[in-house]
Amino acid sequence: HKKMITIKCNNSERKSVKFFNNGNTILVFALEDGEYWFSIGKGYTTLNGAKKAAVKKMAKYGYTFDENEMKNLKIK
């Protein structure tokens, strides 16, 4: 049973990232207005690795996340 979760940037209503657990890796996608924008990395073995990559990559474009919201994000 696959799971995904989306978290919005805290400084843009239009930007968010989606974490998708495909069973053996966690894929991360940047979204604009809920639509696919680009992939972040090639997939991560841990949620923490995926979160770090998302925060780092989105920061390059000037987008940030609520630290506690990102920290508390869980995926099955």
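Guide: A residue is termed buried when its relative accessible area is under 20%. The model under discussion is predicted.

Visitor: Which residues of H1 are buried?

Guide: The buried residues of H1 are Leu47, Ala50, Lys51, Ala53, Ala54 and Met58.

Visitor: Why are the buried residues of H1 said to line one face of the helix?

Guide: Viewed down the axis of H1, these buried residues fall within an arc of 165°, so they line one face. An α-helix has 3.6 residues a turn, so residues three or four places apart point the same way. The buried residues of H1 pack against E2, E3, E4 and H2, while the face turned away from them carries the exposed residues Asn48, Lys52, Lys56 and Lys60.

Visitor: How do you know that the span of helix H1 agrees with its 14 residues?

Guide: At 1.5 Å a residue, H1 (residues 47-60) should span 20 Å; its end C-alpha atoms are 20 Å apart, and therefore the two values agree.

Visitor: What makes Ser39 partly exposed?

Guide: Ser39, in strand E4 (residues 35-44), has a relative accessibility of 34%. Buried requires under 20% and exposed over 50%, so Ser39 counts as partly exposed.

Visitor: What makes the pairing of the Ser39 and Tyr36 side chains a polar contact?

Guide: The distance is 2.9 Å, and a polar contact requires N or O atoms within 3.5 Å, so the pair qualifies.

Technical notes: Residues are numbered from 1 along each chain as its sequence is written. This is a predicted model: local features need pLDDT of at least 70, side-chain atom pairs count only at pLDDT 80 or more; totals for chains, interfaces and linings use all residues. Side-chain values use heavy atoms; hydrogens and water are left out. Helices (H or I, at least four residues) and strands (E, at least two) are DSSP runs, numbered from the N terminus. Buried means under 20% relative accessible area, exposed over 50%, partly exposed in between (1.4 Å probe, protein chains only). A polar contact is a pair of N or O atoms within 3.5 Å; within protein, one must be able to donate a hydrogen and the other to accept it, and residues adjacent in sequence count only if both atoms are side-chain atoms. The expected span of a helix is 1.5 Å times one less than its number of residues. The arc is that of the directions from the helix axis to the C-beta atoms. Contact means heavy atoms within 4.5 Å.
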